Amino acid sequence: MQGKSRMDRELLDAGEIAGHLVPAGSVFAFLAEHRRQLFPDSFTADLFPSRTGRPSLPADLVGSVLVLKELYDLSDPQTADALSYDIRWKVACGRSLGQMSFDPSTLVYWRKRIAESRRPDRVFDAVAEVIAATGILRGRRKRCVDSTVFDDAVATQDTVTQLVAAMRKVARVVPGAGQVISRVCRLDYSRPGKPPIDWDDPAAKEKLVSDLVNDALAVLAELAGPGAPQRDAAAADALGLLALVAGQDVEPAEGSDGTDGRWRIARKVAPDRVISTVDPQARHTRKSKSKRRDGFRGHVAAEPQTGLVTDCEMTMAAGPGSTDAENGVTMAGRDRFAGTPGSTGPGEAPDAPAGTGDSAGPDADGPQDARLEVYGDSAYGSGEARAAYRDAGHDTVIKPGPLRPAVPGGFTIDDFTIDEQAGTVTCPAGLTRPMTRTRTVTFGAACSGCPLRERCTTAKDGRSMTIHPHEDLLRAARAQARTDDFKKAYPTRSAIERIIAWTATCNGRRIKLRYIGTAKNDAWLHTRCAAINLRTLLRHGLTRRDGTWVLA
C-alpha cells in the first residue's frame with residue numbers, strides 16, 4: 001500500500017534543529033519547504049492500487065531522493081549513505097537526525113515500478129507542471145536543440161569476446177542449449193575467459209575465428225532452424241544476438257566463399273555495430289574523424305533565455321532513430337509549452353518572430369504562440385527535417401550544411417537552375433537536361449567542349465548529380481543563412497551549449513551512464529533534466545504563494 005508522510009515532526013527533526021545550516025535558495029532548502037507540494041501523494045498513488053500491505057516510502061521522500069540523486073550524480077549506495085549522514089539531505093527529505101536510510105536496492109525497485117507505469121517520466125512531468133504554473137515560458141517560441149554522447153556503462157568487446165559471451169548466454173537462457181553446444185561445437189565454452197591460443201600467431205587467430213563462427217552457425221541451425229520450437233522473448237533475444245555477432249564482424253577468408261568454413265575478422269566496421277553483448281544497444285559513434293565515442297546519444301531541447309529544458313530524449317549513439325535531425329523534429333512536435341499565449345515572467349517580454357524563419361506551412365498564418373522557432377546546427381537541417389518543421393508551421397534558424405563543389409572554387413549546386421515542374425536542371429552554361437525518376441541528372445558528352453568545364457567537373461564522362469527531394473528547402477536555407485537577420489539571430493543557439501554542459505557534467509567531470517539499455521538511460525536523462533530545471537527555476541526566484549507556484 002502507499003505510504004504517506006506524517007505531518008507532525010519527530011523530536012530530533014533535522015530541519016528544526018539544523019535547517020539554518022542549509023543554504024537559502026538551494027534545492028535542499030526548497031525541498032525542505034515545498035517537497036509535499038511538488039511531490040504530493042498523487043505522485044505515486046497509481047503505483048499502489050491496493051490499500052493493504054506494508055506501507056511504501058512516502059511520495060515526497062521518493063521524489064526528493066530521485067531529484068537529488070541525479071542532480072549530484074550519485075550511485076544507489078552513495079544516495080543511501082547521503083540520506084543517512086548528510087544533514088542537507090535529511091533536512092530536504094524531512095528526516096530526523098538519528099534516522100537511518102533505506103537499503104540501496106530500494107531505488108532499483110522504485111525505478112522499475114515507475115518505468116513499468118503509464119507515467120515513466122513522472123519526475124520530469126512534475127517539474128514541468130511547476131514551469132507551466134509559473135508562466136515563465138508563456139509566449140516564448142524559441143527552442144534550441146543539440147545532442148551529446150554519454151559514455152555507456154559497459155566495456156567495449158572485441159569480436160572474439162562477443163562470440164564467446166553470446167554463446168554462453170544462449171547456454172544459460174535457451175532450454176537444452178547446453179547439451180546442443182557440447183555436442184555440435186568444437187570449442188569448450190564452459191571454461192572462463194577466451195580460448196587459449198597463441199595470440200601472436202595470425203594463423204591461430206584466424207582458425208579461432210573460423211571455429212567460433214562455425215560453432216555459432218551450428219548452434220543456430222540446431223536451435224533456430226526449421227522445426228525449432230517457439231521461443232520465449234529472452235531465448236529469442238539470445239539466439240538473435242548470437243546470429244548478429246556471428247555475422248557483423250566477419251567475412252570469408254582470402255580465397256574462400258564462406259562455404260568451406262574459413263572466416264576472418266572483416267577489414268571494416270559494420271554499420272550499426274553492436275559493441276557489447278552486455279548492452280546490445282550501446283553503439284560506436286564519432287564526434288569527428290579523429291574522435292570516436294561509445295555509448296548513447298542524449299538529445300536536449302531548451303528555451304535559450306530562461307535556460308529551461310523543454311524536452312529530452314536518449315537514443316542509441318548510432319543507427320535507426322538516433323539522428324539529430326529526426327529527434328529535433330520529434331521534440332518540437334511534442335513540446336508541451338507551445339501554444340499557450342499569455343504573459344511571461346516579471347519584467348520579461350515574449351519572443352518576437354526573428355524574421356528569419358524559412359517555413360511556410362499551412363499554419364503559418366496562425367497564432368504566433370502556437371509556432372516554435374527552432375535553432376540548431378547543420379546536423380538538424382536535413383531536407384526531411386526542414387519539411388517536417390514547415391508542415392508543422394514552425395520557423396527555423398538552422399545552419400545549412402556546407403556545399404562542396406566538385407572542383408575547388410568551382411560551381412556548386414546553387415549555380416544550377418532546377419525546374420521542379422518541368423523536371424529539368426539547367427547548368428551554368430545554359431544546357432538543360434531532364435531528371436530521371438531517381439532525380440539523377442547527367443550532362444555527359446555535352447561537357448566535353450564546354451568552356452566552363454574546368455570550373456564544373458573533373459569527371460571524364462561529364463557532370464552528373466542527384467537532386468535532393470527537398471532541394472528547394474535546402475536552397476532556401478542557404479539563402480537565408482546569407483542574410484543579416486540570420487547572422488544576428490543564429491548566435492542565440494549558443495545557449496544550448498551551456499545547458500548541454502549542465503546536463504552532461506557534474507563537479508567538473510563528464511557523467512558516465514550507470515544503466516543498461518536505451519529505456520533506462522532515457523529515464524535517467526529525464527530525471528536529470530528535471531533536477532536541472534528545478535535548480536534553474538530557483539535561480540529565477542521560484543517560490544509558492546497562496547497555494548500557487550510563482551516567481552519572486
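Student: Let's start with the second largest pocket: how much space lies in it?
Tutor: About 390 Å³. Keep in mind that this is a predicted model.

Student: Which residues are closest to the centre of that second largest pocket?
Tutor: Arg111, Lys112, Ala115, Lys520 and Ala523, out of 19 residues that line the second largest pocket.

Student: And which elements give two or more residues to its lining?
Tutor: Four helices do: H3, H6 (105-115), H7 (122-134) and H17 (518-539). H6 provides the largest share, with 5 residues.

Student: How does the lining of that pocket divide into nonpolar, polar and charged?
Tutor: The second largest pocket has 10 nonpolar residues, 1 polar and 8 charged in its lining.

Student: OK, now the largest pocket. How much space is in there, and how many residues line it?
Tutor: The largest pocket holds about 660 Å³ of space, and 28 residues line it. Nearest its centre lie Arg6, Arg35, Arg36, Cys93 and Gly94.

Student: Which elements give two or more residues to that lining?
Tutor: Helices H2 (27-38), H3 (59-71) and H5 (87-93). The largest share comes from H2, which gives 5 residues.

Student: And how many of the lining residues are charged?
Tutor: For the largest pocket, 11 are charged, alongside 9 polar and 8 nonpolar residues.

Student: Changing topic: how many disulfides does a search of the whole structure find?
Tutor: The search finds 0.

Student: Is Cys456 buried or exposed?
Tutor: Cys456 has 10% relative accessibility, so it counts as buried. Cys450, at 23%, counts as partly exposed. The cut-off for buried is under 20% relative accessible area.

Student: Let's finish with the strands. How many bridges join E5 to E6?
Tutor: There are 8 bridges between strand E5 (residues 292-303) and E6, and the two run antiparallel. One example is Gly298, whose bridge partner in E6 is Met314.

Student: What sits between E5 and E6?
Tutor: The two strands form a hairpin with 4 residues between them. In the turn, Gly307 has a positive phi of about 80°.

Student: Is strand E6 mostly covered or exposed?
Tutor: Mostly covered: 9 of the 9 residues in E6 (residues 308-316) are buried.

Methods
Residues are numbered from 1 along each chain as its sequence is written. This is a predicted model: local features need pLDDT of at least 70, side-chain atom pairs count only at pLDDT 80 or more; totals for chains, interfaces and linings use all residues. Side-chain values use heavy atoms; hydrogens and water are left out. On a 1 Å grid over the protein atoms alone, a cavity is a set of points where a 1.4 Å probe fits but cannot get out, and a pocket is an open set with protein on both sides within 12 Å along at least five of seven lines; lining residues have an atom within 4 Å of a point. Grid points are joined across faces, edges and corners, and a volume is the space filled by probe spheres set on the points. Ala, Val, Leu, Ile, Met, Phe, Trp, Tyr, Cys and Pro count as nonpolar, Asp, Glu, Lys and Arg as charged, and the others, Gly among them, as polar. A disulfide is a pair of cysteine sulfur atoms within 2.5 Å. Buried means under 20% relative accessible area, exposed over 50%, partly exposed in between (1.4 Å probe, protein chains only). Two strands pair if DSSP finds at least two bridges between them.
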